[in-house]
Amino acid sequence: MEKIKSTDGTEIAFDRIGHGPPVIMVGGAFSWRRWKGFVELAELLSARFTVLNYDRRGRGDSGDTKPYALEHEFEDLQAMISVAGGSAFVWGMSSGGILALEAARAGITIEKIAAYEPPFIVDSSDGVPPDDFVPHVHELIDRGRRSAAVRYFMARVMGMPAAIPWLMSLWPPMWSKLKATAHTLPYEALLIDRYVRGRPLEDAYWASVTTPTLIVSGEKSPEKLRKGAAAIAGILTNAEHRALPGVSHNVKMSVLAPVLVEFFASGRPAAPHPSPRAA
């Protein structure tokens, strides 16, 4: 484990594996750098890339300076790009994909972005969270009701059938890991709030994002996520959309990895000099 300080002094923890052009991994809701899927993907990419797998603030071994602001997460990503040597590819999972795209919109220079099913909901008929979901998530966490917050977020925000989080809660090893990041669900709620209302995406809002971008979705994923993936790929000026057969939102990393390798390696020379280590 290494650590780097973000602009506001928050320590961001990360692992570094492999050799080659740097790829930074950005997690979505509930994920952290030691999540099995992230470790697997990092290992699969490490033969071609230097993979920087970090804990978003408030998760794992990273700090959590208050008050939270989305802009601080952009600064965290900028700090990781600095660790990588000033230039990097970025892969984001789910809301982590939105974070990467928003960071690019905010002016963070990213060489290429790949995002797996960023949760843009563009059709109100697909079901959207309650109007008060942001304050409700905050309230549950403030009251220390972590399990309730996890169940609510999964069922009412992510749109899972209510029985699924209930069944997951019966397996303590899994449930304890989900509860461990529950206090960051208010951050996730703020990030995705503007994108879950079933409104069309706005061309003008995303016009400044010219970073080469690959939006990936799974053919077995919920239709609303597939619609959102196609919509954001269609509105960005330099993006493509690729649907993977046989996978869902819980993507198989062995299927995803070759797609990322192809995208990140295209038009790229051989590995640069090793990146400097964090202090």
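**Helix packing and burial in the predicted model**

The axes of helix H2 (residues 70–83) and helix H3 (residues 95–105) come within 10 Å and cross at roughly 85 degrees. Axes here are lines fitted to C-alpha atoms, for helices over the stretch in contact, and angles run from 0 to 180 degrees between N-to-C directions. H2 and H3 are therefore roughly perpendicular to each other (65 to 115 degrees; under 35 counts as roughly parallel, over 145 as roughly antiparallel and the rest as oblique). Leu70, Glu73, Phe74 and Leu77 of H2 are in contact (heavy atoms within 4.5 Å) with Leu99, Ala100, Glu102 and Ala103 of H3. By class, this contact of H2 with H3 comprises six nonpolar, no polar and two charged residues; Ala, Val, Leu, Ile, Met, Phe, Trp, Tyr, Cys and Pro count as nonpolar, Asp, Glu, Lys and Arg as charged, and the others, Gly among them, as polar. The model is predicted: local features need pLDDT of at least 70 and side-chain atom pairs count only at pLDDT 80 or more, whereas totals for chains, interfaces and linings use all residues. Residues are numbered from 1 along each chain as its sequence is written, and side-chain values use heavy atoms, with hydrogens and water left out.

H3 also packs against helix H8 (residues 185–192), the two axes coming within 10 Å and crossing at roughly 60 degrees. This angle makes H3 oblique to H8. The contact involves Ser95, Ile98 and Leu99 of H3 together with Glu188, Leu191 and Ile192 of H8. Four nonpolar, one polar and one charged residues make up the contact of H3 with H8.

For helix H5 (residues 146–157) and helix H7 (residues 172–180), the axes lie 9 Å apart at an angle of about 90 degrees. H5 and H7 are therefore roughly perpendicular to each other. Arg146, Ser147, Val150, Arg151 and Met154 of H5 meet Trp175, Leu178, Lys179 and Ala180 of H7. The contact of H5 with H7 has five nonpolar, one polar and three charged residues.

In helix H1 (residues 36–45), Gly37, Phe38, Leu41, Ala42 and Leu45 are buried (under 20% relative accessible area; exposed is over 50% and partly exposed in between, with a 1.4 Å probe and protein chains only). Viewed down the axis of H1, the buried residues fall within an arc of 135 degrees, so they line one face of the helix. Elements covering these residues include strands E2 (11–17), E3 (22–26), E4 (50–54) and E5 (89–93) and helix H11 (253–265).

Definitions and conventions
Helices (H or I, at least four residues) and strands (E, at least two) are DSSP runs, numbered from the N terminus. The arc is that of the directions from the helix axis to the C-beta atoms.
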